[in-house]
Amino acid sequence: MNKPKQTIENLIIGSGITGLSCAYHLLNKNSAENFCLIVEKENELGGLARSKIIDGFIFDYSAHLIHTKSRYFSEWLDDNLKEELNLHKRNAWVYSHGVFTKYPFQANLYGLPKNVVKECLLGLLGINGVKNKPAANFEEWCYSKFGPGISKHFMIPYNEKFWNTPARRITLDWIDGFVPQPQVRDIVNGTFEYSDKEYGYNSRFFYPKKHGVDILVKTIAKDLNNIILNKKVIEIDLKEKWVLTLDGEKISYRNLISTVPLIELKSMVLDMDKKISKLFSKLRYISVVNINMGINRNMISDKDWVYFPEDNFLFYRVGFPMNFAPSSTLKGCSSLYIDVSYSKDFPIQSDKGAVIDRVKADLVKVGIIAKDENIAAIDYNDIKYAYILYDRNWVKVRQDILNYLSANSVYSVGRFGGWNYLSMEGCFLEGRKTAEQLIKNEARVS
Ligand SMILES: Cc1cc2nc3c(=O)[nH]c(=O)nc-3n(C[C@H](O)[C@H](O)[C@H](O)COP(=O)(O)OP(=O)(O)OC[C@H]3O[C@@H](n4cnc5c(N)ncnc54)[C@H](O)[C@@H]3O)c2cc1C
């Protein structure tokens with residue numbers, strides 16, 4: 001093992017959006033050589049927000065759409081990427097009961113079989129004016145907001161399929177901003193005709209004109225020359241404040257900013273407090289197999305993406321990037337992304353070929369591809385950490401672990417580091433917030 005060199009003031013593990021944003025905002029304040037360093041285990045930057053080119057098609061890890069809620073991120077995009085981005089109005093759908101209906105289901109019952117519409121509306125009437133006690137879990141929340149019809153026909157089956165968890169075990173900590181909550185009058189209006197009303201955080205989004213989402217990563221990293229790739233951290237010593245990398249290097253730090261999935265720190269941190277160490281088994285997450293395909297046929301769909309709540313389809317979502325990212329797809333061709341979620345309790349087959357065959361059969365079943373479709377490109381990504389699960393342990397367990405780490409100068413942040421449902425914008429902002437906190441701490445000490 002090498003002896004540690006100079007102490008790094010702010011050592012960042014991981015070059016996803018969170019790590020890069022943290023370095024970017026730190027560097028605005030101090031450019032001294034040892035002030036900030038990123039170490040990344042892969043041979044390229046970007047984490048989940050990378051893209052790749054396969055047989056001429058540009059694929060993300062599933063599609064990564066750029067949403068903006070905050071003024072800061074909007075202005076940053078405007079200043080740094082304006083010419084590169086297209087703004088697109090979402091055209092998303094749901095496939096259930098043998099028909100396509102507009103997303104969100106709860107605001108667009110138009111087009112569903114009559115008996116389903118009737119059940120949804122009667123269920124809605126049943127809850128109108130009834131004052132229930134506050135919902136204790138996602139299942140109760142769905143019933144109290146939408147009634148039994150909409151709950152049974154979409155909200156519960158879709159979410160149980162996606163989260164691989166019974167709806168009564170899912171809490172409400174994530175729903176604000178993610179689950180559209182139309183008014184009763186909008187639900188009724190959406191029963192008689194297609195509604196143009198926009199719902200949810202991604203009703204409009206940006207996507208790069210000529211690149212995959214990785215242009216965002218490359219833009220944040222443009223002026224950062226303090227990144228070492230192929231450098232995997234395998235141990236962290238909280239007392240002596242160093243990390244050990246797979247190639248045997250010890251790096252000393254003053255502050256450690258970790259974007260490594262929180263759950264992995266259990267085996268990386270040396271001599272962890274026993275009480276804290278026990279908490280890690282309560283952190284839960286779901287994984288996603290994302291399959292991207294290039295198809296040798298023009299316009300296989302005019303939709304942006306479709307949700308599949310029913311169990312007779314393996315995937316929960318299928319998207320068509322050529323409709324919002326035309327340059328990602330070869331001329332005269334189409335492209336697809338297909339997402340299947342799984343978990344420890346509900347694993348997916350380990351045989352990739354079998355998963356692809358099942359996905360193709362389901363795509364044929366719904367009429368998206370033909371049985372003998374000419375598939376020009378295929379890409380398979382098994383994303384182990386995709387979404388963290390919000391269950392009854394989430395608030396306390398996560399907070400106790402994060403508090404313990406920060407008391408030891410380790411700031412575990414980002415979507416998986418902070419164990420939170422963050423978008424790329426959320427990660428960008430969290431990187432900035434962390435940088436500001438570190439600068440503040442430094443000012444206090446000096
Ligand atoms: C299927 C899917 C679709 C999504 N779609 C969207 C979307 O449309 N829009 C959107 O805004 N967001 C989307 N997201 C979320 C988005 O991908 C994340 O919020 C964001 O990319 C997370 O960034 P991060 O830096 O926190 O984590 P990561 O991207 O996971 O970065 C962590 C980095 O740490 C590195 N690392 C891990 N362990 C070590 C180690 N031991 N040593 C060194 N390096 C290490 C990793 O290699 C990685 O580069 C999606 C996510 C998924 C799973």
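Which residue is the bridge partner of Val233 in β11? The legends below begin with that pair, and they describe a predicted model.

**View 1. The hairpin of β10 and β11, with the pairing of Val233.** The bridge partner of Val233 in β11 is Thr245. This pair belongs to strands β10, residues 233-237, and β11, residues 242-245, which run antiparallel to each other and are joined over four bridges. Four residues lie between the two strands of this hairpin, and Lys241 takes a positive phi near 60° there.

**View 2. The open sheet of seven strands.** Read across the sheet, the strands follow the order β7-β6-β14-β15-β16-β13-β17, and their pairing is mixed. The edges are formed by β7, residues 99-102, and β17, residues 375-388, each of which pairs on one side only. On average, and with direction ignored, neighbouring strands of this sheet are turned by 25° against each other. Helix α4, residues 138-163, packs on the sheet, where it touches β6, β13, β14, β16 and β17, and the direction of the helix makes about 95° with that of β17.

View 3. Strand β6, residues 92-96, is joined to β7 by four bridges, and the two strands run antiparallel. Within this pairing, Tyr95 has Phe100 of β7 as its bridge partner, while Ser96 has Val99 of β7 as its partner. Two residues lie between the strands of the hairpin, and His97, which is in the turn, has a positive phi of about 50°.

**View 4. Two backbone details in loops.** The peptide bond that leads from Tyr103 to Pro104 is cis, with omega near 0°, and Pro104 itself lies in the loop between β7 and α3, the helix of residues 114-127. In another loop, the one between β13 and β14, the reader will find Met299, which has a positive phi of about 45° although it is not a glycine.

**View 5. The salt bridge of Asp186 and Lys197.** Side chains of opposite charge can pair when their charged atoms come close. Here the side chains of Asp186 and Lys197 meet in a salt bridge, with 2.9 Å from N to O. The pair links distant parts of the chain, since Asp186 belongs to helix α5, residues 184-192, whereas Lys197 is in the loop between α5 and β8, 11 residues apart. The structure as a whole holds 22 salt bridges.

**View 6. The interface of domain 1 and domain 2.** The protein chain is divided into domain 1 (8-47 + 221-283 + 391-445), domain 2 (105-192) and domain 3 (285-388). The C-alpha centres of domain 1 and domain 2 lie 38 Å apart, and five residues of domain 1 are in contact with six residues of domain 2. The area buried between these two domains is about 470 Å², of which carbon and sulfur atoms give 73%. On the side of domain 1, Asp391, Trp394 and Tyr421 lose the most area to domain 2, and together they account for 84% of what that side buries. Between domain 1 and domain 2 the count of salt bridges is zero, and the rule likewise finds zero residue pairs in polar contact across this interface, where both residues must be at pLDDT 80 or more.

Terms used: Residues numbered from 1 in each chain as written. Predicted model: local features only at pLDDT ≥ 70, side-chain atom pairs only at ≥ 80, totals over all residues. Heavy atoms only, no water. Pairing = 2+ DSSP bridges. Axes fitted to C-alpha atoms, helices over the stretch in contact; angles between N-to-C directions. Contact = heavy atoms within 4.5 Å. Domains from an automatic or database assignment. Buried area = accessible area lost by both parts, 1.4 Å probe. Salt bridge = Lys/Arg side-chain N within 4 Å of Asp/Glu carboxyl O. Polar contact = N/O pair within 3.5 Å; in protein donor to acceptor, adjacent residues only side chain to side chain.
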